[in-house]
Number of protein chains: 2
Amino acid sequence: MSLSTQPYKGARDFYPEDKRVQRYMFDVLRGVCQRFGYEEYDAPILEPTELFASKTSDEIVNEQTYTFEDRGGRSVTIRTEMTPSVSRMVAARRQELGYPIRWFSIPNIWRYERPQRGRLREFWQLNVDIFGVATVAADVEAMQVADSLLKEFGATSSMYQIRINSRKLVNEFLEKNLGLDETQTATLIRLIDKKDKMPEAEFVAEVDALFSPSQRDKDEPGQLLQFLGAQKLEDLPQALQESVSTTELKALFDQLQMSGISNAQFSPSLMRGFDYYTDIVFEVFDTDPENNRSMFGGGRYDGLVGLFGVEPVPTVGFGMGDVTLQNFLQSHGLLPEIAPEIELNVVLIGDVQEKAAPLVQELRQMGLTVAVDISGRKLDKQIQSAEKRGAKLVAFIGESEIKSNMVKYKNLQTGEEDTKSPQRLVSLLKDHRKALK
Amino acid sequence: MSLSTQPYKGARDFYPEDKRVQRYMFDVLRGVCQRFGYEEYDAPILEPTELFASKTSDEIVNEQTYTFEDRGGRSVTIRTEMTPSVSRMVAARRQELGYPIRWFSIPNIWRYERPQRGRLREFWQLNVDIFGVATVAADVEAMQVADSLLKEFGATSSMYQIRINSRKLVNEFLEKNLGLDETQTATLIRLIDKKDKMPEAEFVAEVDALFSPSQRDKDEPGQLLQFLGAQKLEDLPQALQESVSTTELKALFDQLQMSGISNAQFSPSLMRGFDYYTDIVFEVFDTDPENNRSMFGGGRYDGLVGLFGVEPVPTVGFGMGDVTLQNFLQSHGLLPEIAPEIELNVVLIGDVQEKAAPLVQELRQMGLTVAVDISGRKLDKQIQSAEKRGAKLVAFIGESEIKSNMVKYKNLQTGEEDTKSPQRLVSLLKDHRKALK
């Protein structure tokens, strides 16, 4: 029985045409992060299981990890997110690092899920984190980076919305204003997190059921629903207007506005599933009515570095998945056609492989990317193959070209043909390369 | 109890200074591969276990894989090499692809081994493969690429040697000249593969023991040792001089010589452990007496694609590990100092963060990589942090700089200070960037 040619379910093979798209996307991400002063790091894809056990959401740890024992009996997990690893790395050098630390990474991540549109078992995720800034300035910057990433791809403000909330504000409202206890608060937050995934009436009923009769008498469920329905900070109850969280949010929205971000929206029901968020959280939504959903997000998590037995470090970060990003770019027509990197496909006429080698070497030394068909097949087969590889320019080299040290070439797309010296051909192609940039 | 900050044993964290080195190395590898017409691909790090079971060496499969059952009961393995995956991908599109296919990839690979110098559990491996060329032209090209890779890093021919053998030639000698049966041949090949790792006398004794008394009477062990001791093709027994394998090797050495590769060496005891090699194999050795060992290698494996139930495709490829490469570059003084990508570290004087934002934005829009210290700490703390991050240029922005729209800056390495307009500063830094290229 022969082996299957399929990749593992929910994971992708990247053929050259797919890899080119990935590289284009990652190069854009990398460029924007660096422009904001972020440096790239990386960590092993396998981590000790306990690293994830206490920090990631229960759903992910219990149902979605790839966890197993290594040959030495240690329990290891393929990372389901990068945040635990980066927190570990910062903790390991807590004292030596120069704050604020700005780091980014584009790791692959594995989650055992049922594959569906926009959700795969293996995906890549840009992680952007700033460590060492306790003020809202870090949150502002994270959102500026997120915004710049999408704009760099050509997105306009109307294509997405940045929804923002404060976990602290929600806690304050639930605990101080409504006087709920910790258990009620935790249960409610989980419920609110699922709000958008259930019918409105069901949500209202479930909220109602969580309150005691005496709380219901004070219409606390109604107050909560009103809180969650706030469209702007001014809609919040009077008692919250002067709170620290509201003041921070005000400063945040002001600074976003000043830096030209006009599509930020206060969204008090936004929770983000992860338990580790401690303050402001945000999510970027696609505004396309066909695809109106959360694309990526993040927030402040001040507690993670401290779990490693060092002084805590205030942290704000976000993660952006490659599949969601690619869907967004495609549906908004923002993904350009990426041409193959091979600039010249050489077709050999006759048995001239050895004799043609110096000419080919010359072209490469001048910096050209050159693929030579060394298969020894007939001319038409060689041209067909080049076409299959998406080749644009094919050069023909035979006895006469070698003698005259000239290259005859054809543009397969335009049909244009010409003969040039290697130098002229190289400068032609280099001009073309510049024009692409 | 707090969590450990250590990465999993045998795997590395890449802090920004480590990641910069990795990116430098990979960019060089990528550039050379593309110049030869190779296109980048990728495959999932998890594969069905059966993909490795029949193709990789027994030692790796039985003792070194990370194999486990996923939550759906499928046995999966973290890749121990890329060859099975790339063969699978070619087989999946056997008909549509344009031959010769030239593909490269730089995947991470996991092997459960005892970590030691040059050998880790997680490492990256450049994989370069050419599919669809049955002649020695493909072997020549693989070695040309290998040679160009090292030369691109600045290595000279005297720093390494390319050792070459033909599995076919060895089989021919053992089966036809000595008349050994298949079992004897297989056992001998395994023994020869270990030759360099055992004392000479032990090897001779073990060889001797594998022959029957009648074979020993004909001095077959002696003939084998003589065969293995050949330094050049002319040293081979007369009966092999005209064989197909010898003729191919002759053509190979001639073509290497013609393309300027003078450090190729016939090495009849070179086997390479993997069972899948079918013909010519090669390994690149570090000639440094302190570090004289195999760095990387490859060869022809015509049988793998066919295991997927399609017509076989002749293939030549090689793999080069990042750890070995880095050791080679370091020990030969070929690894340059890689500066941080952040060109400008902005220190804010006073509470001017919001007012400084437009100036910073201007610098970024002109293409500069700029990190702003938004921590609100004292000046000396901000400068110290920049130094910890390896910063070269620090800009000071306070009320007066904002008013005059000028940037005051200091080169932390030379102590040089100056004040310039944003435009002048950007063109200064862009000149510097060009000078680095």
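**Views of helix α13 and of chain A**

**View 1. Buried residues of helix α13 in chain A.** Five positions of α13(A) are buried, namely A:Ala356, A:Leu359, A:Val360, A:Leu363 and A:Arg364. The model shown is predicted. An α-helix has 3.6 residues a turn, so residues three or four places apart point the same way.

**View 2. Length and bend of helix α13 in chain A.** Helix α13 of chain A covers residues 353-365. With 13 residues at 1.5 Å a residue, the helix should span 18 Å, and this agrees with the 18 Å between its end C-alpha atoms. At A:Leu359, α13(A) bends by about 25°. A:Leu359 is also among the buried residues of the helix.

**View 3. The residue A:Gly367, after helix α13.** A:Gly367 follows α13(A). The phi angle of A:Gly367 is positive, near 100°.

**View 4. The setting of the helix: chain A as a whole.** The secondary structure of chain A consists of 16 helices and 17 strands. Its radius of gyration is 28 Å, whereas the globule rule gives 22 Å for 437 residues; chain A is therefore more spread out than a compact globule. The C-alpha trace of chain A spans about 95 × 55 × 50 Å along its principal axes.

**View 5. Interior, contacts and surface of chain A.** Of the 437 residues in chain A, 57% are buried. Where contacts in chain A join residues at least 6 apart in sequence, 70% of them link residues at least 24 apart. The chain exposes about 18300 Å², and carbon and sulfur atoms supply 48% of this area.

Technical notes
Residues are numbered from 1 along each chain as its sequence is written. Chains are lettered from A and ligands numbered from 1 in the order in which they are written. This is a predicted model: local features need pLDDT of at least 70, side-chain atom pairs count only at pLDDT 80 or more; totals for chains, interfaces and linings use all residues. Side-chain values use heavy atoms; hydrogens and water are left out. Helices (H or I, at least four residues) and strands (E, at least two) are DSSP runs, numbered from the N terminus. The expected span of a helix is 1.5 Å times one less than its number of residues. The bend at a residue is the angle between axes fitted to the seven residues ending there and the seven starting there. Buried means under 20% relative accessible area, exposed over 50%, partly exposed in between (1.4 Å probe, protein chains only). The radius of gyration is taken over C-alpha atoms; the globule rule is 2.2 Å times the number of residues to the power 0.38. Contact means heavy atoms within 4.5 Å. Accessible areas come from the Shrake-Rupley method with a 1.4 Å probe; for residues, only the protein chains shown count as cover.
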